Amino acid sequence: MPAVLRSSPERRRAAIGSWLTSLPRPLALFAANDLWGSELVQAARERGLRVPADMAILGVDNEELLCEISHPPLSSIRIGSEQIGRTAVAVLERMLQRKSAPTNIPRIAPVEVMTRQSTDVLAVEDPDVAAALQHIRLHAVEGLSVKQLLEAVPVNRRTLERRFIGVVGHTPLEEIHRLRIGRAKVLLQTELPVYEVAARSGFATAEYLATRFLHATGMTPTNYRRQFGPRSRWEQLPMTLTD
């Protein structure tokens with residue numbers, strides 16, 4: 001396989017396709033980067049394998065153009081490229097000043113998983129719960145209420161909640177809040193004002209966002225931004241890096 005991977009794109013995809021068909025399905029594949037992820041998606045399609053039904057595929061780097069032109073669009077991990085770059089600059093500066101590398105170089109955690117169709121699998125046998133999950137995924141950050149959810153999935157509220165808890169482990173409302181908080185975490189790593197973060201995450205007010213965020217994470221949106229926002233960690237790096 002390694003020699004084939006350095007050959008033409010056609011031969012490479014043929015080899016990858018043969019390997020994919022030999023694997024038990026369904027399965028999930030984690031690619032080292034988006035380029036390999038898109039290759040996997042293409043090779044799977046050429047072998048008649050369904051993505052994500054037969055295999056879910058996840059890349060790394062979130063190269064948006066590459067991910068979006070993949071068919072189906074490729075899910076990818078968005079890494080903290082800016083934080084990584086600034087950390088590297090701080091380390092290099094310290095090395096030039098002290099002539100030695102610091103011993104406590106921080107690790108920069110990935111920012112988020114950008115979910116697209118290549119991993120959008122609902123492995124749920126209950127059709128009503130699956131429909132509810134899909135509707136929540138699509139509309140949670142639009143201010144979706146449980147009442148509106150029940151209009152899209154016409155099941156008695158108590159019945160849906162009972163079945164939803166049995167499959168997912170929590171209520172539909174908690175799932176809506178979970179997705180909204182996840183979206184808010186991403187937006188808090190930008191320069192958007194908190195009230196705009198709230199609006200784009202599906203919260204009616206910044207105060208309601210703060211209440212739900214504190215309940216879910218143990219910190220306020222402002223504290224979260226101080227820790228993970230665009231001006232957080234890298235501004236303090238020269239002071240925290242030591243020999």
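Accessible areas come from the Shrake-Rupley method with a 1.4 Å probe, and for residues only the protein chains shown count as cover.

**View 1. The whole chain of the predicted model, with its surface.** The accessible surface of the chain comes to about 14000 Å², of which carbon and sulfur atoms hold 55%. Along its principal axes, the C-alpha trace spans about 70 × 55 × 30 Å. The chain has 13 helices and four strands, where helices (H or I, at least four residues) and strands (E, at least two) are DSSP runs numbered from the N terminus.

**View 2. Asp 61 and Asn 62 in the loop between β2 and α4.** Asp 61, a residue other than glycine, has a positive phi near 110°, while the phi of Asn 62, also positive, is near 50°. Asp 61 counts as partly exposed because its relative accessibility is 31%, whereas Asn 62 counts as buried because its value is 9%; buried means under 20% relative accessible area, exposed over 50%, and partly exposed in between (1.4 Å probe, protein chains only).

**Notes on the model.** Residues are numbered from 1 along each chain as its sequence is written. In this predicted model local features need pLDDT of at least 70, side-chain atom pairs count only at pLDDT 80 or more, and totals for chains, interfaces and linings use all residues, while side-chain values use heavy atoms, leaving out hydrogens and water.
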